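Please keep the sequence and the structure in view while reading.

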Amino acid sequence: MKKNKELARIFERIADALEFKGANVFKVVAYRKAARVLDELTRDIEEIHRAGKLQELSGIGAGIAKKIDEYLRTGKMKKYEEATKDIPDSLLDLLDIQNLGPKTLALANKKLNVKNLVDLKRVIKNGTLAKLPQMGEKKVENIKKGIELFERAHQRLSLARAREIAFSVVEYLKRTVKLKEISPAGSLRRGRETVGDIDILTTGKDGARIIEVFTSFPQTERILAAGDTKGSIIVEGGVQVDLRIVPLKSYGSALQYFTGSKAHNVKLRNIARQRGMKLSEYGLFKGRRMCAGKREEDVYKALGLDYIPPELREDRGEIEKAQMHKLPRLIEKKDIHGDLHIHSNYSDSNATIEQLVRAGEELGYEYILISDHSVSARYAHGLDLKRLHKQWEEIDRLNKKFTRIKMLKGLEVDILKDGKLDFSDEVLKNLDLVIASVHQGFTRNVTERICAAMDNPYVDIIGHPTGRLISSREGYQVDIHKVIEYAAETRTWLELNAYWDRLDLNDVNLRAAKEAGVKISIGTDAHGVEGLSWMGYGITTARRGWLEPGDVVNTYTVNKLLRMRKRQR
Ligand code: DGT
Ligand code: CA
Ligand code: CA
Ligand code: ZN
């Protein structure tokens, strides 16, 4: 039934796009209707197509039938490509906002360059939307209400928050009832940067009792469902947590199923079918015989696959690699020798260098890079040459005191609006490692400026290369593929900034960087001692980007790290 949903979505998008462009209402209505018919259809559209009976469906006329046929044969639909060309998805998404019609949106796009939700909120706040012809305060007020609803429906949690909530629920359950096995599942277990709802899986005899305990979790705001095998609650801040209870003999297959992703599961089920087996959350079966179910590893094994770590389960080629026994050996926490992006109270952090080095030592690190902001980052109390020298003295002094860990002298220099850096090479060459980052002029030739910075032999790392903030900012106007290419050419390292609201580069870009032969440097961008613990989000994201120890410079010893710098070669 996968194609039913795909086609419904495509027709919905065509309708959105046509509406946005101000097309004839009847056409728009016809596409919306086709979308609804497909969405609600209980039979598989592929079967109906094979039987040549598309036009017998009520609500599907000859024109639409032809398009369905085109899509099912070729995997493409010309009309869709035509209609949505030049209109970004982020813009069409906004049509789901109540009280914001396509005409208004088109006008806001044309006159105020609104392309996404962030833009829309900006033009509401600065009053320019209200000043458009036929708008006014009242209408804008209604749109604002629509945005609130839209956000509530589309809200996703940060990975950090989701981990925190899941951890406290799991600890509470373990403390309160006896459980054999318990684990988070879903997107949280796969380590996605944002999580829609939290899924937890457990085993246990007395299901009703476990659910009762679950729904009495102290931070519960509302109970959505409470049965013998499934419970669903809303906790503080409107976050949904689902708990499922399965028999021990099905724990592995259920964990596999509820970890997802959906696309990964679909492919896995097909492989089972090809082998004459049936895979579900209850187990892997051949006829009535259960081939695997208790352990997740066994499910993969019985399908002829190597075990696939949850972070890879996105149907991005991991199943094919597992068949060929060619999965990457993903990086782990224990491979990391140090943190390569840390701020101290010399710029905008509240931690002293001594506190930071103690924290690094506690984590078992061999080195940490002290990388404060440079002089032009005034908002962050950036360092001028005099204070930089003072910091070096302190680092030298502490390096004598702490012998198990080495503090490296670094700096996060600003890439200025003209592509220059705010310290000369004469200064930079005395540093162990230099990070260069964009903190200003987000729309001004960012790609060129970053490439110019990479030309500098003393710039080792480009910090947070796209500049996005997951919760609130799309990032600079940067051609990340050009940046990756040029990083490979100049042998500059790109950062994986592990701060949970950045995770920049993201999983997809990390993989592209790896394939281009670019080395990755992971830094927490800690602005306090607690920040050092964000390394875990970095590792998870690195794993989602298929990174192996050899792809990440934090796995080097301090000597190798310094030897591998651009300037040594
Ligand atoms: P989220 O919550 O939006 O961040 O994403 P997930 O992946 O956690 O999705 P969710 O919570 O809807 O479902 C959890 C997992 O359960 C999902 O990754 C795969 C599995 N699952 C749920 N519904 C279906 C389904 O209809 N078909 C298949 N094959 N798997 C499903
Ligand atoms: Ca989920
Ligand atoms: Ca769920
Ligand atoms: Zn920065």
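The sections below move from the whole protein to selected residues.

## Basis of the description

This is a predicted model, in which local features need pLDDT of at least 70 and side-chain atom pairs count only at pLDDT 80 or more, while totals for chains, interfaces and linings use all residues. Residues are numbered from 1 along each chain as its sequence is written, chains are lettered from A and ligands numbered from 1 in the order in which they are written, and side-chain values use heavy atoms, with hydrogens and water left out.

## Overall form

The protein contains 24 helices and 17 strands; these are DSSP runs, numbered from the N terminus, with helices (H or I) of at least four residues and strands (E) of at least two. Along the principal axes, the C-alpha atoms fill a box of roughly 80 × 65 × 45 Å.

Of the 569 residues, 53% count as buried, where buried means under 20% relative accessible area, exposed over 50%, and partly exposed in between (1.4 Å probe, protein chains only). Among contacts with a separation of 6 or more, 67% are accounted for by residues 24 or more positions apart; a contact means heavy atoms within 4.5 Å.

## Aromatic pairs

Seven aromatic pairs are found in the whole structure. Rings of Phe, Tyr and Trp (its six-membered ring) pair if their centres lie within 6.5 Å; planes under 30 degrees apart count as stacked, over 60 as edge-to-face and the rest as tilted. The pair of Y300 and Y307 is edge-to-face, because the ring centres are 5.9 Å apart and the planes stand at 85°. Y300 is buried, with a relative accessible area of 0%, whereas Y307 is partly exposed at 33%.

The rings of Y499 and W534 form a tilted pair, with centres 4.8 Å apart and planes at 50°. Y499 lies in the loop between β16 (493–497) and α22 (507–515) and W534 in the loop between β17 (520–523) and α23 (535–544), so this pair ties together parts that are 35 residues apart in sequence. Ring pairs link Y499, W500 and W534 into a cluster.

## An enclosed helix

Helix α20 (residues 446–455) is largely enclosed by the rest of the structure, because seven of its 10 residues are buried. These are V446, T447, R449, I450, C451, A453 and M454. Their cover includes β14 (433–437), β15 (461–462) and α21 (480–490).

## Backbone features

Most residues other than glycine have a negative phi, and most peptide bonds are trans. A cis peptide bond joins G260 and S261, with omega about -5°; S261 lies in the loop between α13 (251–259) and α14 (262–274). The bond from D504 to L505 is also cis, with omega near 5°, and L505 is in the loop between β16 and α22.

Positive phi values occur at D315, near 55°, and at W546, near 65°. D315 sits in the loop between α15 (296–302) and α16 (318–323) and is partly exposed, with a relative accessible area of 28%. W546, in the loop between α23 and α24 (558–563), is buried at 6%.
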